[in-house]
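Here is a walk through a structure, one chain at a time and then across the contact. Keep the view open while reading.

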Amino acid sequence: MPKVVSIHSYRGGTGKSNFTANLSTTVALQGYRVGVVDTDVPSPGIHNLFCLEPEQMVKTLNNYLWGEIPIEEAAYDVSANVGVEGAGKLFLIPSSVKADDIAKILKDGYDVKLLNDGFRSFVKALKLDYLFIDTHPGLSKETFLSIAISHVLILILRPDKQDYQGTAITVDVARQLKVRKMLLAINKAHSKLNLEALKQKVEETYNETVAGVFPLSEDVVQLASEGVFCVRYPEHLVSQEFRKVAQQIIEG
Amino acid sequence: MSSLGDLQSLASSISSVTSPFRNYLHDLYEKYRSLDDGKVADYIPELALAKPEWFGICIVTADGQVFEVGDCQQLFTVQSISKAFVFGLALEDHGREYVNSKVSVEPTGEAFNSIVLDEKTNRPYNPMVNAGAIATADLIKGKNSTERLKRLLEMFKRYTGRDHEINVPVFLSEKETGYRNKAMAYLMLNFGMVSNKIDETLDLYFQQCSVLVNAKDLAMLAATLANGGINPVTKERAIDEKYVQDVISVMLTCGMYDASGEWAYRVGIPAKSGVGGGITAVVPGKLGIGTFSPPLDAKGNSTRGIKVCEDISKDFGLHLFNVAKPERNLQEWIAGGDSINDW
């Protein structure tokens, strides 16, 4: 049975897209067929990490939501771009970065049922083992939908008061939507923090498992979203932490 | 409403989108979307405008949950599906005995537009063939044509919970080209089976066929019957409880034109189809199915609609006479939960 994993954070700038790209690639590197959908329609970006240029993105999620194409026509095989070889495959459905397209979808909205149906068609058409959904920060209908259909919801937060409060709200919503499994991931933890103590405190606060703690890394910043970090630096601490999280998703 | 109430209602609206049962319907939609059999009705130009790729599936449960997939808001003319419901209205207007004296309830095995009456009694065979439907429309009470039409539209509204309109071009085309139906009406007048206000009754008949509905309306019509005559969403009564069985049983024996016997055998869900591409199917006590897809088979039934009903019947054991344990449990699939593998 395919597994759906949604990656979400209440606030922007937590590193959601970076996290999604690294985690999905880590899973694909283990020989699985993995799909990623960028549902961040107002501010898409994850395609950069997969080295997919806007001029290559002829069809996007937007075209599907407007009823113009079957969703699989907007899927791009980015395996080679990020160095996934062998049985593993990585497909991305990007959102459009054209200002007109973004304006149109914000103005007219779209039918949330279509998004649900599209996820299913994507999984079936490309025989995916895992579907990762990258979301827009905050709460919106695509957030609600992706939470409701997820087998695993990963909430990313930074050690920051605004993030703590927002995460509490999202946790409430996720429980209301009867989410099957929730994991927390702490990102951008600065070097002076005791990571183990931080993990414990967060787990106690939300009564949910922390799947990984990622230190604030100059190395990640230096890559500047031009590629997937864990492929470039497989032995880096950050990459090791991603493998830990991936294992929890595969086994859980 | 409190914020918690809003959150709950939003959560439940999302659940109806992501429920395993709707996912099942979506997979059915995908399975049959590419089915390329059948031909869109073209005996009048307005019907030929329908796009063959239009396809919607809607299910409304007897407790009012709505599951929609595909083109469920696309309007089309109800056509023959109206016959079942107008029959119900005639029963309410006159009672069983009188209505049965004008229209029999015997399947014909003949085409829907055949000009045949029962030789002994001169009655048309059943309310689902054109002759029987015209005789039934004749029975609808009202001071004048306007009031009769109004009563008919109000009836549809009680079933579906929304206002309905007539597609005027379709009505006028049907009226202009309906020589065969006129011939039938005059034949019945000759035998004293219909009143002499023939033109008015034929207009009403053509109007009832030209009522605009969508797949969701069809599911709602069926769900209202399944729920004992009460619309499960608005809670309004659409038809007297005691006549629900009359309508459903005639749907079972005569609802799918001259494919009714095979339908009862293979699908076993009382249903009525129309040349607009609709099928409405009633699973008593449980749910109503509405399907919409314009391409029709040689007998005038929607090809995709037939496939969808067949699959739903088989997968959930909804054949009226099924006693075997079905592959899927309807209640569990509707309620959702981790035990269901909807992939």
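This is a predicted model, so confidence comes first. Chain B averages a pLDDT of 94. In that chain, 99% of the residues score at least 70. For the model, ipTM is 0.76 and pTM is 0.87.

Along the principal axes, the C-alpha atoms of chain B fill a box of roughly 65 × 45 × 40 Å. Contacts tell of sequence separation. Among contacts in chain B with a separation of 6 or more, 68% are between residues 24 or more positions apart.

Now turn to chain A and its sheet. The sheet is open and has 8 strands. Their order in chain A is β3-β4-β2-β5-β1-β6-β7-β8, and the pairing is mixed. Strands β3 (76-77) and β8 (209-215) of chain A are the edges, each pairing on one side only. In general, strands of a sheet pair through backbone hydrogen bonds, either parallel or antiparallel.

Strand β3(A) runs antiparallel to β4 (residues 89-93) of chain A, and 2 bridges join them. In one of these strands, β4(A), A:L92 is the bridge partner of A:Y76.

Helices pack on this sheet. Helix α5 (residues 112-125) of chain A touches β2 (33-38), β4 and β5 (130-134) of chain A. The direction of α5(A) makes about 155° with that of β2(A). Helix α11 (residues 237-251) of chain A also packs on the sheet, touching β1 (3-8), β6 (152-157), β7 (182-189) and β8 of chain A. Its direction makes about 165° with that of β8(A).

Where do the chains meet? The contact takes 16 residues from chain A and 15 residues from chain B. On the chain A side, α5, α6 (141-149) and α7 (161-176) each supply at least two residues. Which of them gives the most to that side? It is α5(A), with 6 residues.

Conventions: Residues are numbered from 1 along each chain as its sequence is written. Chains are lettered from A and ligands numbered from 1 in the order in which they are written. This is a predicted model: local features need pLDDT of at least 70, side-chain atom pairs count only at pLDDT 80 or more; totals for chains, interfaces and linings use all residues. Two strands pair if DSSP finds at least two bridges between them. Helices (H or I, at least four residues) and strands (E, at least two) are DSSP runs, numbered from the N terminus. Two residues are in contact if their C-beta atoms, placed from the backbone, lie within 7 Å. Axes are lines fitted to C-alpha atoms, for helices over the stretch in contact, and angles run from 0 to 180 degrees between N-to-C directions. pLDDT is the predictor's confidence in each residue, from 0 to 100.
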